Amino acid sequence: MQDFPQPSCCRIVDLRCKEVISVCDGSRLGYVNDVEIDTCSGRLVAIVVPGRAKLRHLGRREDFVIPWDAICRIGDDIILTNFSPGCEHRRDKRDFFEKK
């Protein structure tokens with residue numbers, strides 16, 4: 001009888017403790033703040049990392065929305081992604097609740 005590897009599971013709260021790093025340029029994007037879930041399929045489609053402060057905490061840049069397909073590896077402490085901060089996968093916090 002062959003043993004099949006068990007799927008690795010991770011809770012959303014565990015993702016929030018992991019730092020996201022781009023393998024493209026080595027930049028540290030930050031920590032997971034939120035996730036986007038497709039409610040029809042029940043699948044996680046993206047992780048959200050908050051944008052950095054612009055000037056002395058007087059506002060923030062847009063959040064990084066990193067598609068799940070762009071995740072390369074999830075380790076104990078970090079998440080590696082091929083997402084690059086210059087990509088167009090950003091969204092402003094105000095756009096979250098707007099209908100598309």
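Does Ser27 count as buried or exposed, and at what relative accessibility? At 19% relative accessibility, Ser27 counts as buried, where buried denotes under 20% relative accessible area, exposed over 50% and partly exposed in between, with a 1.4 Å probe and protein chains only. The model is predicted: local features need pLDDT of at least 70, side-chain atom pairs count only at pLDDT 80 or more, and totals for chains, interfaces and linings use all residues. Residues are numbered from 1 along each chain as its sequence is written, and side-chain values use heavy atoms, with hydrogens and water left out.

View 1. The side chains of Ser27 and Asp25 are joined by a polar contact of 2.8 Å. Such a contact is a pair of N or O atoms within 3.5 Å; within protein, one must be able to donate a hydrogen and the other to accept it, and residues adjacent in sequence count only if both atoms are side-chain atoms. When residues up to four places away in sequence are not counted, Ser27 touches Val20, Ile21, Ser22 and Pro85, contact being heavy atoms within 4.5 Å.

**View 2. The open sheet of four strands, in the order 2-1-7-6.** Its pairing is mixed. Strands (E, at least two residues) are DSSP runs numbered from the N terminus, and two of them pair if DSSP finds at least two bridges between them. Strand 2 (28-31) and strand 6 (71-74) are the edge strands, each pairing on one side only. From one strand to the next, the twist averages 20°, with axes fitted as lines to C-alpha atoms and angles running from 0 to 180 degrees between N-to-C directions. Four bridges link strand 1 (residues 19-22) with strand 7 (residues 78-81) in the parallel sense; Ser22 has Thr81 of strand 7 as its bridge partner.

**View 3. Strand 4 (residues 43-49) and strand 5, running antiparallel.** The two are joined by four bridges, and Ala46 stands opposite Pro67 in strand 5. Strand 5 (residues 63-67) is largely enclosed by the rest of the structure, because four of its five residues are buried.

**View 4. The one aromatic pair found in a search of the whole structure.** The ring centres of Phe64 and Phe83 lie 5.9 Å apart and the planes meet at 75°, so the pair is edge-to-face. Rings of Phe, Tyr and Trp (its six-membered ring) pair if their centres lie within 6.5 Å; planes under 30 degrees apart count as stacked, over 60 as edge-to-face and the rest as tilted. Phe64 belongs to strand 5 and Phe83 to the loop between strand 7 and strand 8 (90-91), so the pair ties together parts 19 residues apart in sequence. Both Phe64 and Phe83 are buried.
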